[in-house]
Amino acid sequence: MTALLALLPILSVFVLLPVLRRPAVQAMTLSLLLTVALALLHWQVSLPAVLASLAQGVLVALSILYIVLGAMALFSVLQVSGAVEVMQRSFMGLTSDRRIQVILVTWLFGAFIEGAAGFGTPAAIAAPLLAALGFPALAAAALPLIGNSTPVPFAAAGTPLLIGMRQGLSEGGSVSAALVPAVTAGGGMDAFLGQVGVQLTALDLLVGSLLPLVLAALMTRTFGARRSWREGLEVWPFALFAGLAYTVPAWAAAALTGPEFPGIVGGLAGLLLCVVAVRRGFLQPARPWDFAPRESWPPEWTGQPLPPLPPRCTPPLPTWQAWGPYLAVGALLVLTRLDALPLRGWLEAPQLGFSDLLGTGISQSLQPLYLPGFVFLVVTACTALGYRLSPGQLRAAAQRTAHSLTGTALTLLTALPLVFVFINSGPEFSASSLPSMPLALAAAAAGLLGPLYPLAAPVVGALGSFVAGNATLSNVMFSLLQGSVAAQLGTSPQLLLALQASGAAAGNIICVAKVVAAAAVVGLSGREGQLMRLALPPVLYLLGAAGLLGLLLSWR
């Protein structure tokens with residue numbers, strides 16, 4: 001009964017968004033009310049704890065809005081300055097094939113940004129860039145969400161593993177007793193997490209390497225004039241090359257350096273290899289593929305129009321100057337996340353701390369200078385000065401940014417409070433001895449499946465990302481459970497934890513916070529359910545393939 005009740009908030013989101021197609025604000029508000037009622041009535045969570053969880057969710061929502069604000073402000077400045085038109089011409093000069101473009105932007109460029117920044121930044125950058133390249137708004141929002149999956153466990157220099165999983169495997173500040181033998185045998189927690197990272201990238205070699213082909217096939221099937229899978233599959237030589245161009249360097253980086261740099265190394269190496277391949281015509285399809293003429297697009301493909309751009313009288317920017325701001329963002333994100341440099345410490349030091357909210361022990365802190373939004377805003381200001389934008393252009397950029405954030409703010413301010421009420425429902429906050437809602441669901445899955453549990457391990461990770469909003473929090477919630485089940489089954493803890501991280505990456509595709517942000521930046525606010533339906537098949541592929549592979553490996 002407890003597990004079934006814990007499933008209700010998740011079911012309500014799925015029913016209201018993808019099935020009934022309600023706007024995200026409505027869906028998340030109703031689901032939030034249901035979650036609060038369950039927490040108070042069945043889990044017997046105290047009212048102060050519920051209110052503190054709501055406040056915690058609002059604070060986290062503000063941090064995500066900060067990132068989206070920075071990303072959209074920069075893109076708006078690039079639009080009004082004419083830089084986006086230059087980017088579009090440079091991409092079209094590289095290749096006019098939309099299948100190749102989507103792989104370069106969402107899979108490789110997105111992987112590099114994910115490795116450097118994480119927290120939904122790749123979709124916030126790639127979605128408006130694809131829209132500017134001439135992709136339908138629905139494709140521009142959905143495809144970066146799908147591409148931004150496999151690199152997620154190594155986001156922000158390995159945060160989901162090095163912080164999320166480390167915290168999840170600890171009880172009272174030390175390693176959980178159930179995991180002590182495995183961690184000790186692995187050479188300590190740092191070495192143990194490194195082994196998880198290597199196991200995870202080994203899974204990606206077989207599962208993630210096919211994702212670029214999935215992206216191309218889904219795009220031609222959904223948005224092509226002929227609605228053909230075959231047109232996407234025609235690009236399989238380059239798609240497989242691009243998949244391996246990321247996963248092989250990422251595996252090597254995980255094996256040689258640990259979980260900090262697989263995303264950055266894999267994304268950058270893959271991007272360089274694939275750009276060279278495209279320029280030389282290596283593995284390129286015989287005929288380029290494009291969308292049907294814009295006039296024939298169904299209305300559901302297009303987003304709400306943004307405020308018009310002011311007229312430009314300045315000469316076009318050179319290509320290097322147009323791309324310079326994004327290169328600066330990537331470089332600064334890497335530099336500010338390296339432990340070897342003092343920048344990280346300086347930016348992490350200023351914190352907005354909210355401790356022991358309403359006397360519940362619930363705390364939340366924000367690091368306004370360390371969040372990627374700060375880097376975006378700094379680069380935005382420098383870009384506006386460097387491009388010498390007029391007051392009219394600055395006003396237009398501000399209007400376009402505000403227009404994109406309107407719906408996002410309302411949705412996130414309901415979605416994230418739901419997440420934290422869901423998570424903070426355990427015995428430390430309630431008068432009952434019931435496990436928290438996510439742990440009740442995961443424990444039920446482990447009890448039902450027994451030796452077949454590796455099939456469900458990625459699903460548990462995906463559940464965490466869908467509910468909590470990112471892979472780091474999913475690892476915090478479920479790493480201990482996955483490790484404990486591994487000890488009970490006599491299976492490698494590194495394997496089940498790798499499956500946890502792999503599932504968390506897949507769930508990242510359809511987590512509400514990311515979907516809302518991607519929809520907002522291309523003018524699709526209110527149509528988040530449509531995005532989730534489109535992105536669901538790749539999620540099922542990733543979860544199913546990882547689960548089957550994990551089951552086979554557990555039988556060795």
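Guide: Helix α2 has these buried residues: A24, A27, M28, S31, L32, T35, V36, L38 and A39. This is a predicted model, where local features need pLDDT of at least 70 and side-chain atom pairs pLDDT 80 or more, while totals for chains, interfaces and linings use all residues. Residues are numbered from 1 along each chain as its sequence is written, and side-chain values use heavy atoms, leaving out hydrogens and water.

Visitor: Why does P262 count as buried?
Guide: Buried means under 20% relative accessible area, exposed over 50% and partly exposed in between, with a 1.4 Å probe and protein chains only. P262 has 0% relative accessibility, so it counts as buried. P262 is found in helix α14 (residues 262–279), helices being DSSP runs of H or I with at least four residues, numbered from the N terminus.

Visitor: Which residues is P262 in contact with, leaving aside neighbours within four places in sequence?
Guide: With contact meaning heavy atoms within 4.5 Å, they are F154, Y246, A250, A253, A254 and G267.

Visitor: And what is F135 in contact with, on those terms?
Guide: R98, Q101, V102, L130, A140, L143, M219, F291 and W297.

Technical notes. Helices (H or I, at least four residues) and strands (E, at least two) are DSSP runs, numbered from the N terminus.
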